[in-house]
Amino acid sequence: MELKRVVVTGLGAITPIGNTVDEFWTNLVNGVSGAATITRFDPTNFKTKFACEVKNFDPLAYFDRKEAKKLDMFAQFAIIAAEQAVNDAKFDLEKIDHDRVGVVWGAGIGGLNTFLEEVRGYVEGGSVPRFNPFFIPKMIADIASGHISMKYGFRGPNFGTVSACASSTNALADAYNLIRLGKADVFIAGGSEASINEAGVGGFNALQALSTRNDDPKTASRPFDKGRDGFVMGEGGAGIILEEYEHAVKRGAKIYCEMIGAGMTADAYHLTAPHPEGLGAKNVMLSALSDNNTPVDVVDYINVHGTSTPLGDIAETKAILAVFGEQAYKMNISSTKSMTGHLLGATGAIEAIACILAIRDQIIPPTINHFELDEAIDSKLNLTFNKAQKREVRAALSNTFGFGGHNASVLFRAI
């Protein structure tokens with residue numbers, strides 16, 4: 001069968017460096033860090049006392065009080081980002097075929113705030129167990145896609161993806177493939193996460209995964225730098241409207257770019273560490289390139305997973321060199337986690353937006369907080385240190401890798 005073409009027609013985001021796509025993108029290009037001392041709880045006794053929180057977030061600015069109480073923060077972020085994306089796509093909601101619009105939404109953890117609150121309430125509440133009737137519906141990771149579909153009455157394929165930090169990239173990949181196969185005309189795809197609480201920070205501290213640079217949070221996320229000591233936790237959400245090309249053209253939609261590839265692989269190696277030679281990362285990029293037989297020499301930008309961990313940054317650059325060869329030295333590479341922190345299950349969607357806007361504006365957002373290059377990383381790679389760079393961007397690739405060895409990559413090109 002002839003596969004359909006898939007294009008991007010809407011974007012939405014609520015992030016640590018901006019609560020709209022425009023604000024996020026402006027701060028990203030300008031190298032603004034979203035890291036600061038944690039305000040969601042008292043971090044005094046924690047090894048890590050900072051994170052990249054969404055700023056000035058008031059749920060009552062988006063939801064009425066009754067509705068807000070039924071939603072974990074990760075679902076609130078999902079609904080906000082999805083609404084922005086739907087509005088950006090400018091659908092005529094009276095005319096669109098609601099049976100042909102789907103939602104697939106990723107979350108690595110889901111309602112961790114709700115789980116923590118309910119268990120704490122049980123422990124402190126005495127001998128009679130009392131739980132909120134919305135405990136389970138607020139907590140489960142798939143509930144965000146359900147809320148989005150109910151908000152608009154979209155009755156197409158609807159589910160959640162859970163693959164740790166690759167979750168929302170898997171959501172984009174599934175939506176892309178379902179449209180290519182003709183199973184839907186439109187998808188709202190993306191992801192959200194809200195895990196900056198005692199359990200989230202304490203759990204990642206126990207894994208020794210987080211930076212502990214408490215004296216200077218804004219420079220703590222330093223991908224590829226010799227002094228990197230772990231990632232900085234972030235939160236937020238991002239939604240992308242993927243649409244079948246002819247459907248978009250027929251309704252006169254604004255088209256940002258075309259999605260031309262999606263890869264998914266496993267390391268099958270270790271619970272939390274990447275394959276040391278980046279084998280799964282190599283294979284997932286090759287898989288994304290293979291969808292439309294995209295030659296390596298048209299990829300001008302890679303938004304890397306680049307979490308600022310000692311092992312992960314090295315393995316990913318090895319994989320890039322293995323896939324792209326000499327082209328790796330001609331492209332730009334950057335880790336926008338240096339500014340947003342690591343949004344866990346939401347990271348893939350927000351970084352896909354960075355790729356999409358890099359194509360639109362022909363500019364590469366930087367990797368900030370670079371002070372000294374790690375000798376284990378090839379110094380000839382253009383890692384876009386500290387300042388954005390203007391250049392032609394014909395195609396851009398976004399990589400995400402999750403605990404459990406989950407790898408996902410998505411590829412976009414100018415149209």
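Is Phe131 buried, exposed or partly exposed, and what is its relative accessible area? Phe131 is partly exposed at 41%, where buried means under 20% relative accessible area, exposed over 50% and partly exposed in between (1.4 Å probe, protein chains only). The model is predicted: local features need pLDDT of at least 70, side-chain atom pairs count only at pLDDT 80 or more, and totals for chains, interfaces and linings use all residues. Residues are numbered from 1 along each chain as its sequence is written, and side-chain values use heavy atoms, with hydrogens and water left out.

View 1. Phe131 sits in the loop between α4 (112-124) and α5 (135-139); helices are DSSP runs (H or I, at least four residues), numbered from the N terminus.

**View 2. The largest nonpolar core.** This core has 49 residues, of which Val8, Leu11, Ile240, Leu242, Met259 and Phe412 touch the most other members. Helix α13 (residues 347-361) contributes the most, 10 residues. A nonpolar core is a set of buried Ala, Val, Leu, Ile, Met, Phe, Trp, Tyr and Cys residues joined through side-chain atoms within 4.5 Å.

**View 3. Helix α7.** The 14 residues of α7 (residues 167-180) reach 20 Å from first C-alpha to last, close to the 20 Å expected at 1.5 Å a residue, the expected span being 1.5 Å times one less than the number of residues. Of these 14 residues, 11 are buried, so α7 is largely enclosed by the rest of the structure. Among the buried residues are Asn170, Tyr176 and Arg180. Just after α7, Gly182 has a positive phi of about 85 degrees.

Terms used
Helices (H or I, at least four residues) and strands (E, at least two) are DSSP runs, numbered from the N terminus.
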